[in-house]
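The sequence and the structure come first.

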Amino acid sequence: MLIYECVGPEVLLQVKILIQEYIKVFDAKTKILIPAGALGIPYDRDALARGLSENPDLIAIDGGSTDSGPYYLGTGRSKYSRNATKADWADLMAARTIANVPLVIGTAGTSGADSAVDWMLDITLEIARERGETLKIATLKSGQQKEKIITAFNKGAITPLEGAPNIDKTILDQCTNIVALAGIEQIQAALSSEADIIIAGRTTDTAIIAALPIARGCHKGAAWHGAKIAECGALATTNPNSGVILMSFDETGFTITPLAHDTSATPYTVSAHMLYENADPYILYEPGGWLDVRLAQYTAIDDISVRVEGSVWHETSNYTVKLEAARQAGFQTVSFVLVRDAHYCAHIHEWANALKASFEHKAQLNGLTETKLELRAIGRNATLGQLETNHSSDGEVGIMAIFTSLYQKQANEAAKMLNPDLLHLPLTPHEPMPTFAFPFSPPEMDRGPIFEFCLHHTMTLNDPMYAFRLQIIES
Amino acid sequence: MVRKIRSKNAGPFWLTLDIFCFDVENFNLIHSQLKTNKVANLFQIHESKLKRFDIPDLNVIKFSFPRPRIQGKAIDTDMHGASYAALLEELEMN
């Protein structure tokens with residue numbers, strides 16, 4: 001204590017480094033408990049209790065991804081209900097209290113946008129209040145100011161990744177949320193605040209798991225590789241639905257141990273997990289470097305656990321973070337009609353073309369040419385579109401009519417304009433007027449605003465914390 | 001002959017397909033018979049855009065390519081990209 005009171009910050013830093021060196025030599029081993037692949041996915045409660053008895057150093061859980069589509073980043077709202085999230089999160093908070101170690105959630109609230117972090121913080125504070133628990137909470141925000149990103153773009157500091165869409169100032173200006181994916185450095189900064197709970201905005205899936213082992217001097221390649229294997233919970237085991245796994249990291253590798261009784265990790269399930277949602281099964285790009293697992297060795301150490309060594313972490317000279325963004329791309333209204341008439345089913349694409357022609361004619365007359373109509377034939381090729389190779393047909397087709405406009409009112413108007421045709425349009429002028437099946441009244445449904453992902457780029461940072469904001473809240 | 005084919009988003013801009021062959025004989029057979037250009041044609045993309053990984057350790061053949069329609073864009077029809085596997089499954093049966 002005396003040292004802390006008497007010395008300046010430089011010496012304090014040296015003390016910190018000494019402590020870190022000490023930890024490196026004597027206690028690099030780090031255990032991370034992962035309850036499930038994401039908050040909101042069911043997990044085995046008994047397995048979680050077993051995990052707590054293993055004395056983990058940290059509990060980590062993923063809170064989202066881009067996988068549910070651009071709406072969640074576009075709006076900054078969660079995919080899951082508040083009540084369900086609160087119930088699951090309360091259980092993990094209770095587990096944290098028992099273990100008395102940090103609980104970290106990454107990509108909070110589905111997208112990791114700032115508003116999603118605030119939503120998660122609100123739930124956390126509510127649970128703490130209800131329990132009368134005093135907590136130190138750190139929030140790490142990943143949201144980016146549009147103006148700063150546009151300036152960086154103009155300076156050439158935003159680099160497209162392979163497969164990135166073209167961007168310009170107008171597109172960036174239409175973004176409702178831009179986030180940068182945090183890596184271990186930002187999570188380590190949050191951990192150094194000694195918070196009980198860390199609510200992180202957008203992070204890479206792996207960073208929340210790899211941060212502590214690397215801070216303690218564990219093998220970097222093993223930490224990143226293990227984090228990738230663990231980020232989906234028990235997906236890298238024989239029973240993906242069991243959820244809970246324990247990851248043990250040390251100076252030379254990592255060991256994965258699933259905690260439910262009905263599952264095991266095998267060299268095959270663990271090594272095959274590098275395939276999952278990864279364009280390249282050997283290489284993983286992260287802030288500040290990349291992981292290469294080509295030389296990794298997977299060894300079964302008992303009936304349920306696998307030991308992995310040999311993965312390599314390469315540091316890059318530039319510190320780059322990936323950016324994600326969603327922009328608003330108009331509004332939609334959707335109508336459904338079901339076609340059960342054999343003659344029309346047999347000529348469904350011709351009928352769709354006739355609908356389209358009628359729509360274009362009416363749109364001209366009604367000043368709705370700005371609204372686009374897309375027709376998808378459910379039961380034919382609504383899933384794969386022009387890629388579909390299976391042209392078999394059954395006795396029923398659903399037509400989903402999607403109206404996209406800059407304004408909700410116009411999309412709805414256009415859908416109503418086509419309503420009589422969806423119900424009654426004949427294939428040829430001289431046949432009896434058909435009537436198809438509307439499943440609802442009205443058959444049109446307003447979808448509200450629609451969004452699209454528009455960044456698959458990186459940004460170089462001089463300091464890892466430059467694009468992120470850490471806040472400490474005492475409940 | 002293939003036991004399982006899986007397709008999935010690898011982020012919003014990429015799709016990845018994993019062909020699990022499950023044993024060496026199957027792997028060798030598919031490895032030699034499944035031509036990259038045939039897969040490129042199936043997904044209507046240029047062969048140069050298709051990344052192929054033949055992984056004997058796992059008896060897996062993996063293909064990755066930029067999504068034909070960016071995930072969640074108005075014209076996208078499959079948010080999670082899991083249905084693209086069906087095209088390859090049915091190609092195998094031919």
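## Helix packing

Angles under 35 degrees count as roughly parallel, over 145 as roughly antiparallel, 65 to 115 as roughly perpendicular and the rest as oblique. The model discussed here is predicted. In chain A, helix H14 (residues 348-366) and helix H15 (residues 408-424) have axes that come within 10 Å and cross at roughly 135°. H14(A) and H15(A) are therefore oblique to each other. Their crossing is right-handed. On the side of H14(A), the contact is made by Trp351(A), Leu355(A), Ser358(A), Phe359(A), Lys362(A), Ala363(A) and Asn366(A). H15(A) contributes Ala414(A), Met417(A), Leu418(A), Asp421(A) and Leu422(A).

A second pair in chain A consists of helix H9 (residues 184-191) and helix H10 (residues 207-215), whose axes come within 8 Å and cross at roughly 70°. That angle falls in the range from 65 to 115, so H9(A) and H10(A) are roughly perpendicular to each other. The crossing of H9(A) and H10(A) is right-handed. The contact residues of H9(A) are Ile184(A), Ile187(A), Gln188(A) and Leu191(A). Those of H10(A) are Ala207(A), Ile208(A), Ala210(A), Ala211(A), Leu212(A), Ile214(A) and Ala215(A).

## The sheet of chain A

How many strands form the open sheet, and in what order? There are ten, arranged as S12-S13-S9-S8-S1-S2-S3-S7-S4-S20 in chain A, and the pairing is mixed. The edges are strand S12 (297-300) and strand S20 (469-474) of chain A, each of which pairs on one side only. From one strand to the next, the twist averages 20°.

Helix H6 (residues 114-131) of chain A lies across S3, strand S4 (136-141), strand S7 (197-200) and S20 of that chain. H6(A) runs at about 170° to S4(A).

## Strand pairs within the sheet

Strand S2 (residues 58-64) and strand S3 (residues 103-110) of chain A pair in the parallel sense over five bridges. Within S3(A), Gly106(A) stands opposite Asp62(A).

Strand S13 (residues 306-309) of chain A runs antiparallel to strand S9 (residues 253-258) of chain A, and four bridges join them. Val308(A) in S13(A) is the bridge partner of Phe254(A). S12(A) is also joined to S13(A) by four bridges, and these strands run antiparallel. Arg307(A) of S13(A) stands opposite Thr299(A).

## Cysteines

How many disulfides does the count give over all chains? The count comes to zero. For Cys454(A), the closest cysteine sulfur is that of Cys175(A), at 3.5 Å. A disulfide requires the two sulfur atoms to be within 2.5 Å, so the sulfur of Cys175(A) is too far from that of Cys454(A) for a bond.

Is Cys454(A) buried or exposed? Residues under 20% relative accessible area count as buried. Cys454(A) has a relative accessible area of 5% and is therefore buried. Cys345(A), at 4% relative accessibility, also counts as buried.

## Backbone features

In chain A, the peptide bond from Ser441(A) to Pro442(A) is cis, with omega near -5°. Pro442(A) is located in the loop between H15 and strand S18 (444-453) of chain A.

Chain B contains residues that have a positive phi although they are not glycines. One of them is Gln44(B), with phi of about 50°. Gln44(B) lies in the loop between helix H2 (36-42) and strand S3 (51-55) of chain B. With 45% relative accessibility, Gln44(B) counts as partly exposed. Asn59(B) is not a glycine either, and has a positive phi of about 55°. The loop that holds Asn59(B) is between S3 and strand S4 (60-66) of chain B. Asn59(B) has a relative accessibility of 12%, and so counts as buried.

Note on methods
Residues are numbered from 1 along each chain as its sequence is written. Chains are lettered from A and ligands numbered from 1 in the order in which they are written. This is a predicted model: local features need pLDDT of at least 70, side-chain atom pairs count only at pLDDT 80 or more; totals for chains, interfaces and linings use all residues. Side-chain values use heavy atoms; hydrogens and water are left out. Buried means under 20% relative accessible area, exposed over 50%, partly exposed in between (1.4 Å probe, protein chains only). Two strands pair if DSSP finds at least two bridges between them. Helices (H or I, at least four residues) and strands (E, at least two) are DSSP runs, numbered from the N terminus. Axes are lines fitted to C-alpha atoms, for helices over the stretch in contact, and angles run from 0 to 180 degrees between N-to-C directions. Contact means heavy atoms within 4.5 Å. A crossing is left-handed if the near helix is turned anticlockwise from the far one by less than a right angle, and right-handed if clockwise.
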